[in-house]
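Okay, thanks for coming, everyone. Let me put the structure up, and then we'll walk through it together.

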Amino acid sequence: MQAPRFIRFLSGRRLDWSLAALALAASLAPVAALRPWTADLARLVSVPLAPVSHLGVFLRARVRPEQSAFDPRAPETLALEQEVRQFRTLYEQSRLENERLERSIASLAAVRARLDGTGQRLAEASVVGMDASRRDGAARINAGARHGLRAGSVALVSGDILVGVVGQDIGALSASLIPTTKLPSLGVRLYPPQGSDPSTPLNSYPGAMLKPTTRGTWSADVASTQPLSIGMVARLADDRFGRTALGARVGTVVAIEPIEKAPLARRVEIAPLASLGDFATVVVVVESGEPE
Amino acid sequence: MRWPVYIVAVLVAAAFDASFGAVLAVGDLRGHLLPSVVVFALLSAPRRIGVRLAMLAGLVADLLAPIVVAQAAAVDGGADTAELLVVPGPRVLGFALGALAVLPLRGLLSRHNPLASAAATLVFSMLAAVVFVAIFIVRGWVVDGGTPWWPGTGGSEVLRRALGAAGDAILALPAMWLLARTRSWWGFTVMTRVSPGLARQGGVNSA
């Protein structure tokens, strides 16, 4: 008896107003109130969209191929250059890792515990959807917890370019990626384009904490007397993103300017090497062992 | 109006925007298909369900566009990182207001004219954008939960979304033509008002 009356009451304009009030409440709800359920709801909606989105991304990759496809040089040369870059990244990774271990030798036991627990591997994932409202928005990939993906795992393209980090809302078969240009901070070291000199100590290469700008780039204040030049390569030197990501290329220095208030420091602007929105597939770091 | 057809159209449009739509972008001028689908339905569906169907599309758009908020512990190691958050509401309200603006225009617009539909789409998208930005500004005051345009400013976002609304209107031209070809699937009821007159009263000539 009550239900029909209630349904009659909640119809027409009243229903519209009720839904609007509900939407307003959800819009202004705190993060803690939204986090437990909205991501699941979004995943539920994204499931029927996945085939169409996948087809769309496939077509987009055909209509507007990734920029490397337009490179006029021979493909084998490109492949070799990419291999060189990957090995250089591995080299920088090992150097950074070495420095990190030396720095934290006092807590060797803890480090060993961390190392023992890491069984990571790389896996390719397809981008099955992007935030349609912005170019630098989040992307959805077809890899999830079932593949060993964890929050904070990194996503790479072209072998060693860091483009994103896996967000918290990981589903069984899909997950969202936060673009690197949306991360509040990113610790990097700046190297010459040809890479670091093995005989030069790592401290000679300036470190920087990148902050995003409104132009889709990063800026950082570099307090170092070392020479800085346009074209220097920023490589990840941030322990928060795991060992595998260390040394990955992030961007290149596109502008250097002095800071009036700090004569010994300079402000650099770094442009990302790649944008998450331009790629149909990414390589993600996944755990090869059992999820914790 | 057949709701299942509308729901499928909304989902396909959202999927199109989230995947192939990037190809149609020229700088910040980027058209979206979803507003065209909503406006197409608004121009022909019964008025009483207009706001509701717009809100449904807004909900889908909200769910597919998570925002990045600064948050601790998204990455091992602690603070100063980011996480994704889905906020269902800003586009729901934006689309609702857009629908409230488009519904009274139905009488003034020829629904078979793509230019008129594009104009309606422009109005719809502009209002939806204004509400979207306003909601997140208020949200920033109330809960400080981050904004989708970070590290940009609200002003730049309004400008960007105004360009986006223009893109929506441009995309609406071919989209409306295409949607008009599927009109028979939607089950719209065409109500034609018949005015009484001598010819309809009969017997004028026979008298």
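So, how many salt bridges does the rule find across the interface of chain B and chain A? One. By salt bridge I mean a side-chain nitrogen of Lys or Arg within 4 Å of a carboxyl oxygen of Asp or Glu. The partners are R52(B) and D16(A), whose side chains meet at 2.8 Å, N to O.

Quick housekeeping: this is a predicted model, where local features need pLDDT of at least 70 and side-chain atom pairs count only at pLDDT 80 or more, while totals for chains, interfaces and linings use all residues. Residues are numbered from 1 along each chain as its sequence is written, chains are lettered from A and ligands numbered from 1 in the order in which they are written, and side-chain values use heavy atoms, with hydrogens and water left out.

Back to the interface. There, 60 residues of chain B are in contact with 58 residues of chain A, contact being heavy atoms within 4.5 Å. The two chains bury about 4800 Å² between them, and 65% of that sits on carbon and sulfur atoms. Buried area here is the accessible area (1.4 Å probe) that two parts lose on being put together, summed over both. And R52(B) turns up again: with L84(B) and W150(B), it supplies 12% of the area that chain B buries against chain A, more than any other three residues.

Next, the polar side: the rule finds six residue pairs in polar contact across the interface, both at pLDDT 80 or more. That's a pair of N or O atoms within 3.5 Å; within protein, one must be able to donate a hydrogen and the other to accept it, and residues adjacent in sequence count only if both atoms are side-chain atoms.

Which element gives the most to the side of chain B that touches chain A? That's α1(B), with six residues. Helices (H or I, at least four residues) and strands (E, at least two) are DSSP runs, numbered from the N terminus. Sorted by type, that side of chain B has 40 nonpolar, eight polar and twelve charged residues. Ala, Val, Leu, Ile, Met, Phe, Trp, Tyr, Cys and Pro count as nonpolar, Asp, Glu, Lys and Arg as charged, and the others, Gly among them, as polar.
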